[in-house]
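Hi,

Here is the structure I promised to pass on to you. Have a look at it first, and then read on for my notes.

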Amino acid sequence: MKSLNKNNILKSSISVILILFFQTFWQSAFSYGLLSDKEILDIKDEAFALYSTNNKEEALELLNRIPQNRRDEDVFVIIGNIYDDSGKRGDAIENYNKAAAISKEAYKAYYNIGCILLKKKSYELAEKNFKMSIKSNKEFPYAYYNLASCYIAQQEYSKAKKQLIKALSLKADDKDFYVNLAYCYKMLDNDKAAQKIIDSLNEIKS
C-alpha cells in the first residue's frame, strides 16, 4: 500500500485548516456583519414590537444580532432600557452613552441617564443630563419635570417652579406637573397660587 509523503500530508492539513477558517468566517459574517439595511430595519421593527409587549429578553436577543457599528441611537436606547428594567444600571448607562455619542439629538438617552441618577440621589449629575436632554429637544416636557424634581429634592423651589411652568406649557394635561407646582408654591409661602393650581387640577379631573 502506497503511503502519503510529507508534502501531501502538509497540503492536506492546510486545506482542512483553510476550509474550517472560511466556514467560521462566513458563518460569522452572515450572522453579524453582512446584514443588509433592510434586514437590520426588520430586526429593529420586530425587536421594538417585542419590547412594547414586554417581551424584553427576546427583544434584546434580536438587537444583539445587529453589529455595534450598525446600531443607531434608537437601538442603543432600547437596549439601555432593557438593562435598566432588569436592574443592570451600569450596562444601561453604557448604552445610553453610546446613543449620545452618535447623535447630538439623543434626548432620550440623556433623559434616561438622568432618571437613573435621580433615583440614586446623584442630583447634580442628574441635573446635567436633564439639561442635556432639554438642549437636544426643547419640546420634551418630562425633561423639565424631572429637572424640577432634582431641584425639589434639594429644596430649590424657585428653580423647580420655573421648570414645571415650562413643562405645563408643553403638556397641560399631566396631573403630576400640577401637583408638584402647587407644592413648590406652598413651600414658597404662596398659598394663594398653590390653591389656584389645585383648582386647575380639579377642573382637569372634571
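At what angle do helix 2 and helix 3 pack, and how far apart are their axes? The angle is about 165 degrees, and the axes are 8 Å apart. An angle over 145 degrees counts as roughly antiparallel, so helix 2 and helix 3 are roughly antiparallel to each other. Helix 2 passes helix 3 in a left-handed crossing. On the helix 2 side, the contact is made by Ile-43, Glu-46, Ala-47, Phe-48, Leu-50 and Tyr-51, which meet Lys-56, Glu-58, Ala-59, Leu-62 and Leu-63 in helix 3. Sorted by class, the residues of this contact are eight nonpolar, no polar and three charged.

Before going further, please keep in mind that this is a predicted model. The chain has a mean pLDDT of 88, with 83% of its residues at 70 or more. Residues 21-32 are the stretch to watch, with pLDDT below 50; beyond near neighbours in sequence, this stretch has eight contacts in the model. Where pLDDT is low, the predicted coordinates should not be read in detail.

Now to helix 4, which has two partners in my notes. With helix 5 (residues 89-102), the axes come within 7 Å and cross at roughly 165 degrees, so helix 4 and helix 5 are roughly antiparallel to each other. Their crossing is left-handed. Among the residues that meet here are Phe-76, Val-77, Ile-79 and Tyr-83 from helix 4, and Ala-92, Tyr-96, Ala-99 and Ile-102 from helix 5. By class, the contact of helix 4 with helix 5 has eight nonpolar, three polar and five charged residues.

With helix 6 (residues 107-119), helix 4 packs at an angle of about 20 degrees, with the axes 9 Å apart. Helix 4 and helix 6 are therefore roughly parallel to each other, and this crossing is left-handed. Glu-73, Val-77, Asn-81 and Asp-84 of helix 4 make the contact with Tyr-107, Lys-108, Ala-109, Asn-112 and Ile-116 of helix 6. The classes here are four nonpolar, two polar and three charged residues.

One last item is the salt bridges, of which the structure holds eight. In one of them, the side chains of Arg-70 and Asp-37 meet at 3.0 Å, N to O. Arg-70 lies in the loop between helix 3 and helix 4, and Asp-37 in helix 2, so the pair ties together parts that are 33 residues apart in sequence.

Happy to talk any of this over.

Best wishes

Terms used: Residues are numbered from 1 along each chain as its sequence is written. This is a predicted model: local features need pLDDT of at least 70, side-chain atom pairs count only at pLDDT 80 or more; totals for chains, interfaces and linings use all residues. Side-chain values use heavy atoms; hydrogens and water are left out. Axes are lines fitted to C-alpha atoms, for helices over the stretch in contact, and angles run from 0 to 180 degrees between N-to-C directions. Helices (H or I, at least four residues) and strands (E, at least two) are DSSP runs, numbered from the N terminus. Angles under 35 degrees count as roughly parallel, over 145 as roughly antiparallel, 65 to 115 as roughly perpendicular and the rest as oblique. A crossing is left-handed if the near helix is turned anticlockwise from the far one by less than a right angle, and right-handed if clockwise. Contact means heavy atoms within 4.5 Å. Ala, Val, Leu, Ile, Met, Phe, Trp, Tyr, Cys and Pro count as nonpolar, Asp, Glu, Lys and Arg as charged, and the others, Gly among them, as polar. pLDDT is the predictor's confidence in each residue, from 0 to 100. A salt bridge is a side-chain nitrogen of Lys or Arg within 4 Å of a carboxyl oxygen of Asp or Glu.
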